[in-house]
Amino acid sequence: MRGPVFFSSSAKVTAPPDWVYDLQAAGFDGWEIVAEGDYRLDHPPGLARIRELIETTGLRVTVHAPYGDLNCASLNYPILRESVRQVTACIRAASEWTDRVVLHPGYLSPLAKLDPERAWTTQKEALREIGRFAADHGVLACLENMISVREFLCRDPGELLGMIEGIEGIGACFDLGHAHTVGVVQEFVDRIGRADHLHLHDNHGVSDEHLAVGDGTIGYDLVGPGIAAGFRGIAVVEGRSVEEGRRSLGVIRRWG
């Protein structure tokens, strides 16, 4: 893969920032900031830390919006509004540095399980609001496919692409690690040209382990060339450590 490859780690959101300074030496073109924990963009100390890291490293950045305890498909109106508020606040801050922000879809709460169609509609309306806000700030907000948990929306490509269809300011983030837990990696690879953003990591098909690329059972040696041939955006290695990320990058660069 000849395009830009960034690194991201949800495991590092409470860690001191020293690891970010290792990304360029590891060969990465940029950093996808996970806006959680100590790296939230709506928290002044976190924002100041991130601004300093960007200025001192010169890294290009993309951003993953906060997701902990949020649900943009919630039928509990105050929870829905707070979820949308946090995502749009992140987009506003992120627009200083990037035109790509990743967000998670919502999930079916016990209440939403009684009316899943309403939850779907609620998520679509939330995306329309988020998408308008993102477009106004020069950002494409990329909705990500989720892991094999029945309550999550958007676990397969048809549902993900159907959710975002026709919504201004909303694109698709294909996460192949997540796809493997659902058994639909090839289905996503077959549609790789529809992806606006890409997350790469590995697992054994059961849980979201975030292993180095090649350390699980996805079979990246088979699907990697197809990914490289069809995808032209930023690919993000989601890893547990920079060293594992370095090994992932070595595999990805061999795809051509």
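**Exercise 1. Decide whether Trp255 is buried or exposed, then describe the ring pair that Trp255 makes with Tyr220.**

Step 1: Buried means under 20% relative accessible area, exposed means over 50%, and partly exposed is in between (1.4 Å probe, protein chains only).

Step 2: Trp255 has 11% relative accessibility, so Trp255 counts as buried. Tyr220, at 2%, counts as buried too.

Step 3: Before going on, know your model. It is a predicted one, where local features need pLDDT of at least 70 and side-chain atom pairs count only at pLDDT 80 or more, while totals for chains, interfaces and linings use all residues. Residues are numbered from 1 along each chain as its sequence is written, and side-chain values use heavy atoms, with hydrogens and water left out.

Step 4: Now the ring rule. Rings of Phe, Tyr and Trp (its six-membered ring) pair if their centres lie within 6.5 Å; planes under 30 degrees apart are stacked, over 60 edge-to-face, and the rest tilted.

Step 5: Tyr220 and Trp255 sit 5.7 Å centre to centre with 25° between the planes, a stacked pair. This pair links distant parts of the chain, 35 residues apart: Tyr220 is in helix H8 (residues 220–230), and Trp255 is in the segment after H9. (Helices are DSSP runs of H or I, at least four residues; strands are runs of E, at least two; both are numbered from the N terminus.)

**Exercise 2. Find how many aromatic pairs the structure holds, and classify the one between Trp31 and Tyr39.**

Step 1: The count is seven aromatic pairs.

Step 2: Trp31 and Tyr39 are 6.3 Å apart centre to centre, with 90° between the planes, which makes them edge-to-face.

Step 3: Both Trp31 and Tyr39 are buried. They also belong to one aromatic cluster with Phe7, Trp19 and Phe28.
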